[in-house]
Amino acid sequence: METSFRPSKATMQFECKTLLLTSCLILLTTISTYDTIALDGVVPLLQKHFTLNNRQTALMKTISSTTSTVILLLMGIAGDRIGRRSLVLSTSLLWTLAMCLSILSGSEQYWLFLISRSIVSSGSAIISVIVPVVLADLYRDSGLGRAIMVN
């Protein structure tokens, strides 16, 4: 007599939740990374909108890079002391608010745009570091390899 293994309803629900969470985390990482990279493509539009010279344009990229570096250093020091779930949620919320603020910056609000872009850059840095750690909490062995590969 052949017996087949049927996972329980609780196991199926857990696997569905895990897959949904993984999909959301990967989407979040993709969007935040794309946003950071896409800024280079719109520099001419930003120069025109804010009437920027080359020095101000370079300052925009320098502030973003410096902020990301400092945040990554702080995450290395304090990352394990903060809960991963709350860190992902709060970072996502802050990143979204800063994105909206940068989009709504008027042509006379260059410094507001710089501040909001540095917050967006910090959020992207945190997300790119914490998502693989959360995936490592969710998966083991080859499942982890697949999740990180897709990420």
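Tutor: Ile127 is found in helix 5, which covers residues 110–138. Please bear in mind that this is a predicted model.

Student: Is Ile127 buried or exposed?

Tutor: The relative accessible area of Ile127 is 1%. A residue counts as buried under 20%. Ile127 is therefore buried.

Student: Which residues does Ile127 touch, not counting residues up to four places away in sequence?

Tutor: Contact requires heavy atoms within 4.5 Å. With residues up to four places away in sequence left out, the residues that Ile127 touches are Leu28, Thr29, Ser32, Thr91 and Pro132.

Student: How far apart in space are Ile127 and Cys16, C-alpha to C-alpha?

Tutor: In sequence, Ile127 and Cys16 are 111 residues apart. In space, their C-alpha to C-alpha distance is 23 Å.

Student: Is Ile77 buried or exposed?

Tutor: Ile77 lies in helix 3, residues 54–78. Its relative accessible area is 54%, and the cut-off for exposed is over 50%. Ile77 is therefore exposed.

Student: What is the accessible area of the nonpolar surface patch that includes Ile77?

Tutor: Ile77 forms this patch with Val70, Leu73 and Leu74. Together, the four residues have an accessible area of about 390 Å².

Student: How far apart are the end C-alpha atoms of residues 110–139?

Tutor: An unreviewed UniProt entry lists residues 110–139 under "transmembrane region", along with 57–75 and 87–104. Residues 110–139 are 97% helix and 0% strand. The end C-alpha atoms of that span are separated by 43 Å.

Note on methods
Residues are numbered from 1 along each chain as its sequence is written. This is a predicted model: local features need pLDDT of at least 70, side-chain atom pairs count only at pLDDT 80 or more; totals for chains, interfaces and linings use all residues. Side-chain values use heavy atoms; hydrogens and water are left out. UniProt positions are given in the numbering used here, feature names are shortened, and annotations may be inferred rather than shown by experiment. Helices (H or I, at least four residues) and strands (E, at least two) are DSSP runs, numbered from the N terminus. Patches are made of residues with over 30% relative accessible area and no salt bridge: like charges are joined within 9 Å, nonpolar side chains (Val, Leu, Ile, Met, Phe, Trp, Tyr) within 5 Å. Accessible areas come from the Shrake-Rupley method with a 1.4 Å probe; for residues, only the protein chains shown count as cover. A salt bridge is a side-chain nitrogen of Lys or Arg within 4 Å of a carboxyl oxygen of Asp or Glu. Buried means under 20% relative accessible area, exposed over 50%, partly exposed in between (1.4 Å probe, protein chains only).
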